[in-house]
Amino acid sequence: MNQPQPGLPMVPSTFKTLLLLAAVFILYLLFHVPPPHVPQLLLPESHEAATATAPLPTSSHHLLFAIASSAGSLSRRAPYLRLWSTSARAILFLDSPPPPDFSLAALPPIAVSSDTSRFPYTFLLGLRSAVRVARIVKEAVDRNESDVRWFVFGDDDTIFFVHNLVRTLSKYDHDRWFYVGSNSESYEQNESGWFDMAFGGGGFALSHSLAKVLAGVLDSCLMRYPHLFGSDARIFSCLAELGVGLTHEPGFHQVDIRGNLFGMLSAHPLSPLLSLHHLDSVDPFFPNMSKSQALEHLFKAVNIDPARILQQTVCYDRLNLLTISVAWGFSIQVFEGNLLLPDLLPLQRTFTPWRRGKNIGLSRYMFNTREYPKDPCKRAAVFFLQSVGSNDDGVWSNYTRNVVGNCEQTGAIKNLEQIRVFSQKLKFDIEQDEGSSSSVLQHSFYIQ
């Protein structure tokens, strides 16, 4: 064996050992140590996983309507209920079982409210049934119905426009606390209560998360408010204790006005129609029809294009100097001359105040109004919905002139007897941002 020559460098064996250990350590890291944590939001998500976790859009199945009724009023209000509830998930809460000979066909399931005699009620000349109606919130929640995102409350003389309500509530996060509704049309009615209270007849909605919390404290809260008049005042007060205010949606209508609603229906705000209350106190919407017939006639248009119903559009015929105001699915008014749009927005006073009396304060409203001429010859020419239909090309609706009085007219209006409106089904787009929500109505149509 050759001996190393003196003065030549040598590779020490310890260095080889270190190299071997380093290689073993690297292999250990590769195969035994997990990769560093990456935030979930930075990891790419497969299309299948995203689809599986995304919540389904809100539909009518996710809304539970809890309707206050009574054994005494059900027979009178059944036509209203049958008009809209067949397309909804609803429960009727009665004070006692209905008469055995009453037909329940096409009505929602019935629940009998529990006894509320232990709760005090001290409002002079009021109805203590207000306590029972307020507790419907708790009774509806305590049923533990599955897959409810929104609880909607109203009376048996209210009609709801279910499709529009679904789309409107879709703007809001049902997992957060929301109290959605509107106040009264009457300034005096709001002044006697609260301007920020949802009136119960017009209906209001509670997100399921808020409804469950409210149901848990409602009984104890009701004990503190025996002096209030109505059920809606009690709900408002209990929600105020929870720190929840009203989210205002103008499509809910308490209808604290009486008589002829033409002025209101022909100038509806640019917002989806959600409800109409106090139907017993108003005239039929269409001439020469009973109240039930008129509502069924209106729903012919509602069922074809619910988002467009009552939406006001103003057109100008500059050649003939005419202004045409369309309240789709209800009426068309033709005015002589080209009127300014702001002058057409106030409601014509075809109706009377909710409370009768000489007090001028009773005739103050929460909206601007304008005079409705007593002389029919000074009014616009009015055309009411006659028929409506749809096909692949869109939606058509015909309006026939309603002649009142023996008025001589000249020009283009004189021989105008029918107007046809062509339109595309109205799109109801929801834009939702953190902390704010808005609805956008997209539409187009033309008149023949």
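Predicted model: local features only at pLDDT ≥ 70, side-chain atom pairs only at ≥ 80, totals over all residues.
Is Cys315 buried, exposed or partly exposed? Cys315 has 24% relative accessibility, so I noted it as partly exposed.

**Entry: the disulfides**

I searched the whole structure for disulfides and found 2.

Cys221 sits in helix 7 (residues 208-222) and Cys238 in helix 8 (residues 231-241), 17 residues apart. I read -105° about the S-S bond, and the link of Cys221 and Cys238 is left-handed.

Next I turned to Cys377 and Cys407, which a disulfide joins with an S to S distance of 2.0 Å. Cys377 is in the loop between strand 16 (369-370) and strand 17 (381-391), while Cys407 is in the loop between strand 18 (394-402) and strand 19 (418-423), so the pair ties together parts 30 residues apart in sequence. The torsion about the S-S bond of Cys377 and Cys407 is about -85°, so I wrote this disulfide down as left-handed. Cys377 is partly exposed at 39% relative accessibility, and Cys407 is partly exposed at 23%.

I then numbered the bonded cysteines in sequence order and got the pairing 1-2, 3-4.

**Entry: the salt bridges**

My search of the whole structure gave 13 salt bridges, and I followed up a few.

Where do the partners Asp219 and Arg118 lie? Asp219 is in helix 7 and Arg118 in the loop between strand 3 (110-112) and helix 4 (129-142), so their bridge ties together parts 101 residues apart in sequence. Their closest N and O atoms are 3.3 Å apart. Arg118 counts as exposed, at 53% relative accessibility. I was pleased to find that Arg118, Arg135, Glu139 and Asp219 are linked in a network of salt bridges.

I moved on to Glu249 and Lys171, whose side chains meet in a salt bridge at 2.7 Å, N to O. The two residues are 78 residues apart in the chain. Glu249 is buried at 5% relative accessibility, and Lys171 is buried at 5%.

My last stop was the salt bridge of Glu191 and Arg364, at 3.7 Å, N to O. Glu191 is in helix 6 (residues 187-192) and Arg364 in the loop between strand 15 (351-353) and strand 16, 173 residues apart. Glu191 is partly exposed at 46%, and Arg364 is partly exposed at 39%.

Key:
Residues numbered from 1 in each chain as written. Heavy atoms only, no water. Disulfide = S-S within 2.5 Å. Helix = DSSP H or I, 4+ residues; strand = E, 2+ residues; numbered from the N terminus. Buried < 20%, exposed > 50% of the residue type's maximum accessible area, 1.4 Å probe, protein only. Salt bridge = Lys/Arg side-chain N within 4 Å of Asp/Glu carboxyl O.
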